[in-house]
Amino acid sequence: GSDDRKMLPLFSQWLRDQEMENVTQSKEMNVTSSRKMRTHSPFYAQFYNFNQHYPYVTDKKLNEHRCFSSLRTTDKFLRGLFEILNNTGRLENTVIVGSGDHGEDPFKSLYVRLSAFNSNILHTASYIYYPKKLMRDAGVGPRLRRNTQQLTHTLDLVPTIQSILHGGDDYWLYKKHEGCVTGLDLTAVDIPDERVTLASNFVSSLTLRRPMRLRALSTKEFTLYHRYGMNEIAAIRQGKNNAYLLRFGNCTKDTSNFCSEDLDEDGKEYFRQALQSLKNSTLIGTEVKTSELVNFFTEMVEG
């Protein structure tokens with residue numbers, strides 16, 4: 001495919017076109033005061049980056065694995081994006097949100113993400129650039145930095161971005177009382193060390209030849225996940241209908257199974273305590289605490 005970096009000059013030209021359009025409109029409205037004439041109008045831009053998809057766009061001059069080389073091209077794209085915004089005086093008035101849709105492990109096999117559930121696949125990079133001048137108070141920056149070292153959830157992006165754009169709201173609070181598994185506003189909530197999160201992924205048999213299902217219960221150190229699929233994955237020792245412990249951070253064990261471990265009695269005791277912590281949490285609604293998903297894990301670790 002095309003190189004993501006080719007979008008940068010197009011984006012730069014688009015910004016210049018926006019400025020010219022604003023100037024023209026101001027002149028047509030007889031806005032002559034420099035105070036009233038605004039060339040930097042609010043804008044929304046969305047980029048889809050594909051350099052990190054197989055077969056990976058690379059710098060041919062570099063003698064390294066294609067995946068590493070493609071990561072460098074992504075870094076260069078991001079650097080170019082920030083430079084354009086900075087050089088046009090927009091950077092400190094622009095919120096930038098980025099996220100991968102999934103992970104991969106090209107060192108094991110091709111398209112591992114289509115059949116395996118593990119940290120390399122599920123834990124994708126996400127980031128938010130949020131200028132200090134846009135923060136509603138001085139405590140937001142330190143809170144965000146601390147929260148990035150805690151257990152976060154994909155769902156946290158929704159209330160966090162809503163809060164950034166609208167100055168803070170309690171969307172996640174009232175949705176949790178409707179029985180929804182919600183994210184947290186990372187600008188307003190101090191995530192506790194004992195946070196426990198839930199996730200469930202259902203893939204329709206209408207869209208996938210071999211339907212799979214994932215349920216996950218996560219703490220800051222481990223995830224207990226249950227994989228249901230139509231096929232076994234012998235290479236990484238994942239069966240058709242099995243539960244596994246997934247250890248976060250650097251794995252010192254055999255990595256051929258992506259650092260997943262069988263659920264033993266010690267693991268069950270660990271997650272019995274995790275479930276109790278979830279049920280005691282004020283960040284999760286009552287209906288979620290008694291949901292089918294929580295009951296599923298409760299039966300698993302009590303059995």
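Arginine 215 lies over the face of phenylalanine 296, at 4.2 Å from the ring centre; a charge counts as sitting over a ring if NZ of Lys or CZ of Arg is within 6 Å of the ring centre and within 35 degrees of the ring normal. The model is predicted, with local features needing pLDDT of at least 70 and side-chain atom pairs counting only at pLDDT 80 or more, while totals for chains, interfaces and linings use all residues. Residues are numbered from 1 along each chain as its sequence is written, and side-chain values use heavy atoms, leaving out hydrogens and water.

Turning to the rings themselves, the structure holds 10 aromatic pairs (rings of Phe, Tyr and Trp, the last by its six-membered ring, with centres within 6.5 Å; planes under 30 degrees apart are stacked, over 60 edge-to-face and the rest tilted). One of these joins tryptophan 14 and phenylalanine 43 edge-to-face, at 5.9 Å centre to centre and 75 degrees between the planes. This pair links distant parts of the chain, 29 residues apart: tryptophan 14 is in helix H1 (residues 7-28), and phenylalanine 43 is in the loop between H1 and helix H2 (66-87). Helices (H or I, at least four residues) and strands (E, at least two) are DSSP runs, numbered from the N terminus. Both residues also belong to one aromatic cluster with Phe11, Phe47 and Phe77.

Phenylalanine 222 and tyrosine 270 form another edge-to-face pair, with 5.1 Å between centres and 70 degrees between planes. Phenylalanine 222 lies in strand E5 (residues 222-229) and tyrosine 270 in helix H7 (residues 265-280), so parts 48 residues apart in sequence are tied together.
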